[in-house]
Amino acid sequence: MEEPRRRTLVRMSNLMERVRKYNVREDSRTSIQDKHLFFPIPQSAIDANFSVQLEQNPGY
């Protein structure tokens, strides 16, 4: 089974470059930021971890 394209681009460190170069929507090409490489960690997941301190991904 083929994995989703976004996952491959993140793994290969090409997501930002590809979006800025090939995205159809102009507003997406100019508004993507480095923080968009990773999704934010849900607050419920952070609150549910008592034994380990989870830190939110940078920028969120």
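Mentor: Exposed means a relative accessible area over 50%, buried means under 20%, and partly exposed lies in between. The model is predicted.

Trainee: Is Arg-11 buried or exposed by that reading?

Mentor: Arg-11 counts as exposed, because its relative accessibility is 54%.

Trainee: With which residue does Arg-11 form a salt bridge?

Mentor: A salt bridge needs a side-chain nitrogen of Lys or Arg within 4 Å of a carboxyl oxygen of Asp or Glu. Arg-11 pairs with Glu-3, and their closest N and O atoms are 2.5 Å apart. Glu-3 has a relative accessible area of 28%, so Glu-3 is partly exposed.

Trainee: How many salt bridges does the structure hold?

Mentor: There are four. One of them joins the side chains of Arg-20 and Asp-34, at 3.8 Å from N to O. This pair links distant parts of the chain, 14 residues apart: Arg-20 belongs to helix α2 (residues 15-22), and Asp-34 to the loop between α3 (26-31) and α4 (43-48). Arg-20 is partly exposed at 41%, whereas Asp-34, at 60%, is exposed. Another salt bridge is formed by Asp-27 and Arg-25, with the closest N and O atoms 2.7 Å apart. Asp-27 is partly exposed, its relative accessibility being 41%.

Trainee: Which residue lies over the face of Phe-39?

Mentor: For a charge over a ring, look at the distance from NZ of Lys or CZ of Arg to the ring centre, with a limit of 6 Å. Arg-6 sits over the face of Phe-39, 4.2 Å from the ring centre. Likewise, Lys-35 is placed over the face of Tyr-60, and here the distance to the ring centre is 5.0 Å.

Trainee: How many aromatic pairs does the count give?

Mentor: Zero aromatic pairs are counted.

Note on methods. Residues are numbered from 1 along each chain as its sequence is written. This is a predicted model: local features need pLDDT of at least 70, side-chain atom pairs count only at pLDDT 80 or more; totals for chains, interfaces and linings use all residues. Side-chain values use heavy atoms; hydrogens and water are left out. Rings of Phe, Tyr and Trp (its six-membered ring) pair if their centres lie within 6.5 Å; planes under 30 degrees apart count as stacked, over 60 as edge-to-face and the rest as tilted. A charge sits over a ring if NZ of Lys or CZ of Arg is within 6 Å of the ring centre and within 35 degrees of the ring normal. Buried means under 20% relative accessible area, exposed over 50%, partly exposed in between (1.4 Å probe, protein chains only). Helices (H or I, at least four residues) and strands (E, at least two) are DSSP runs, numbered from the N terminus.
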